[in-house]
Amino acid sequence: MSKTDIRKIVQEELGNIAPEVDLATIDPAADLREAIDIDSIDFLNLLTALHRRIGIEVPEIDYPKLVTLSGMVAYLEARLKSAKTA
Amino acid sequence: MAEFRMPSLGADMEAGRLVEWLVKPGDWVKRGDIIAVVETQKGAIEIEVYQTGQIARFLVDLHSEVPVGTPLALISTEAEANAPAAVAPPSAPAMSPPPGAKQPVGVAMPPPAPLAVPRPPQAAPGLATHIMASPAARRLAEQHGIDLSAIVGSGPCSAITYADVERQLGPASPPTEKRRALWLDPAAMRAAIAAAMARSKREIPHYYLEHQIDVTPCERWLAERNATLPPDSRLLIGALALKAVALAICRHPAFNGFYRDNRFDASQAVHIGVAIAIRGGGLAAPALHDTDRLSLDVLMSGMRDLVQRTRAGRIRSSEMSDPTITVSSLGERGVDALYGIIYPPQVALVGFGKVVTRPWVVDGAIGPRSVVTMTLAGDHRVTDGHAGALFLAEIGKLLQEPETL
C-alpha cells in the first residue's frame, strides 16, 4: 500500500466522520481536533475504521503521533512497513 | 387496526413533515423498526413503530406537514392481516378528538391502542373541494392526465391519496429512494435550541452546584484495560461518567423524570440524554436508553453509535422524545466546568468539564492528579441544594471505583 493509498483511505474515513468538512482545505500539519473539530469519540471511530481497512491497530500510547493528517499518514506507513518486514 | 402517528419529539415540537417512508403497504413491521423519516427543527428523525403488524395503508402524503398526533398510517395486527376478509374499518367522523386536545408533549409516545378507530384527519389545506384529494395526488394526476373522479380514494374520508393515483397509473416503477440530507439545518436547530432554552430560563428556577473529583483511578483503570484491546472495544472516560450518573440516580430518583402540570413525575427508567455538539454549531441531546442497565461495553458502543448518527442527522424518534436527565461533557478540548441549562420538562443536568492535571492532596502529600469539575443544574421546584450535593457526591464516589461500574 503506497503513501497515496493510505492518505486516500484516511481522507475517506475522515469524510465519513465529518461529511460537512472540505478535506481539500485541511492543512496536513494542523491538529485535526482543531482543524475539523473532532472529539475523542470521532477519533476512536476513525481508528476503528482504519483498523478495519488497513489492518493497523493504533495503541492509545501512540495517539499523540496521530494528531495531524501528515502525522497520521506517516505513522500508518511506518507501521505497515515494519509489519511487512517483521 | 392500529394507528401510526406523528410522534412528539420534544416539548417544543408541534408539527412535523413526513419526508420518507422506509416501508410500503403490505410490508410486515415489528416493534422498534424504523419505518419513516420526519423532518423537524432538530433535523431528520427516524421514526420507530410501536406495534407489530402489516402496513395497511398510508394516511398522509409525503412532504406534508402535520400536527403531532396525526395518524400517518394504519397497521393491521397479525390476526387482522391473516384473516381472509380483513377490511379496513370505516372511518368514524363522530370520533373526533375533543377540541383543543393535545398530545402530551415530551413523553415517550404511548403505543396506540391495538383496536383504535382511525381518527378523522386534521383538515389539510387543499382538501376542501368536491373531490377529496391531496395536493400531491392532484399534481400526479394532472401530470398524467388522470381524471380524479374515476378513482376511489383510500385516504381519510375517502380522499384520494398519492398512492391511489399511482395505483391508477398501473404497475409503477418502485419509488426511487432519495438520499437524505447528510447534515442538519443549522438555522432550524438554532431556533429549536432557542425555544427550549428560553422556556427553561423562563420557567425553571435553576440552582447550581459544583464538585471537583480526582479521576486518576478512572484514567489508570482505562489505560490498563484499553492497552490490550482493539479500538472498537476501548472505553472512554465519558462512558464511565454516564454509568456513574445512571447508578447514582437509582439512589436519587428526584433528579430523573419530568416536571409537568405543576408536579414532578419521577421516571422509573433511566434514559440519559447525551449532549452532543454538532460540528459547525448546534446541539442535540438524544437518549441512551436504560443507561443504568447497560454494561460499560454496551454503553460505550451505544454512545458511539448515538454520536455518529446524531452528527449524520439520523436520530430515532424514541431517542428524541424521552430523555429523563441530561449529561453534558465538554471533552478534552473544553474548559474546566460548564453550567448547563435544564432541558424542559427534565429537572436536572449534570456537567463534566475536561480532565485537567492539578496539584492534589493524597494521603497527606501533594502530587499531580487528574481532576474533573462536575456540576449540577437542578430544578428548585423539585429538589434543593442539599439533595443535589448528595447526588453529586455519590457520582464522585462511584467514579473512585471504576471497576465496579
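Two strands count as paired when DSSP finds at least two bridges between them, and strands themselves are DSSP runs (E, at least two residues; helices are H or I, at least four), numbered from the N terminus. In this predicted model, local features need pLDDT of at least 70 and side-chain atom pairs count only at pLDDT 80 or more, while totals for chains, interfaces and linings use all residues. Residues are numbered from 1 along each chain as its sequence is written, and chains are lettered from A in the order in which they are written.

Let's start with chain B. Strands β4 (residues 34-40) and β5 (residues 43-48) run antiparallel, joined by six bridges, and B:Thr40 stands opposite B:Gly43 in β5(B). Both strands belong to an open, mixed sheet of five, ordered β7-β2-β4-β5-β16.

| Edge strand | Residues |
|---|---|
| β7 (chain B) | 65-67 |
| β16 (chain B) | 315-316 |

On to chain A, where the axes of α1 (residues 3-17) and α3 (residues 40-54) come within 10 Å and cross at roughly 140°. Axes are lines fitted to C-alpha atoms over the stretch in contact, with angles from 0 to 180 degrees between N-to-C directions.

Finally, the two chains meet: 19 residues of chain B are in contact with 17 residues of chain A (C-beta atoms, placed from the backbone, within 7 Å). On the chain B side, α7(B) gives the most, with four residues.
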